[in-house]
Amino acid sequence: MTTHETTVHLPLAPARVGQEWLLSCAPDPAAVQQAWDAGRLAAIPTGPQWRVAEARLSRSLAALRALGPAYGPVLTDIDSQQAWWLLPPDLSDELDDVRGIVVHPAGWKLECPPVTRFLSGRWWLASPDGSGQLTEPTLLAAAFGPTGHRPEGEANA
């Protein structure tokens, strides 16, 4: 008697396109791919392609629910319980007064796993899809809610 097993193949095309986009954002895509092939995270600097806002994972999960489908890539780290939102590179001060969000300057390096797999505690909660869609800062500020807005004069944290 022969047993037939059904193998389910998930479509990797969207993940591959997202990974190609992420590689295109790196100044040295070959070095990023080499790091991933060796099982290491790859540092991709912020700047011309996108900026990064960092927040606690729990707050970010709530914000994702509030945003619905209107967000771009979000990277998470299970060990540190942090999330990093990819934002437009021309970001100005939209998030300066939002409690719980730290916007990193251009040139700051985000340690990224490949889009196609979990690596070193990091994974893409919302993967790049190759379209270049990023999270709109004003929508992210609203999703963090009115209790997340800092009173004027309070120090940035």
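## A quick tour of the model

The side chain of Arg122 comes within 2.7 Å of the backbone oxygen of Glu111, a polar contact (a pair of N or O atoms within 3.5 Å; within protein, one must be able to donate a hydrogen and the other to accept it, and residues adjacent in sequence count only if both atoms are side-chain atoms). This is a predicted model, so local features need pLDDT of at least 70 and side-chain atom pairs count only at pLDDT 80 or more, while totals for chains, interfaces and linings use all residues. Residues are numbered from 1 along each chain as its sequence is written, and side-chain values use heavy atoms, with hydrogens and water left out.

**Confidence**
- The protein chain averages a pLDDT (the predictor's confidence in each residue, from 0 to 100) of 86, and 84% of the residues score at least 70.

- Five strands make an open sheet, ordered S5-S2-S4-S3-S7, with antiparallel pairing; strands (E, at least two residues) and helices (H or I, at least four) are DSSP runs, numbered from the N terminus, and two strands pair if DSSP finds at least two bridges between them.
- At the edges sit strand S5 (102-104) and strand S7 (122-126), each pairing on one side only.
- Strand S2 (residues 51-56) and strand S4 (residues 82-87) run antiparallel and are joined by six bridges.
- Across from Ala53 you'll find Trp85 in S4.

**Around Arg122**
- Arg122 belongs to strand S7.
- With a relative accessible area of 12%, Arg122 is buried (under 20% relative accessible area; exposed is over 50%, partly exposed in between, with a 1.4 Å probe and protein chains only).
- Beyond four places in sequence, Arg122 has contacts that include Leu41, Asp77, Trp84 and Arg117.

- Not counting residues up to four places away in sequence, Leu22 touches residues including Trp36, Ile44, Trp50 and Trp124.

Note on methods
Contact means heavy atoms within 4.5 Å.
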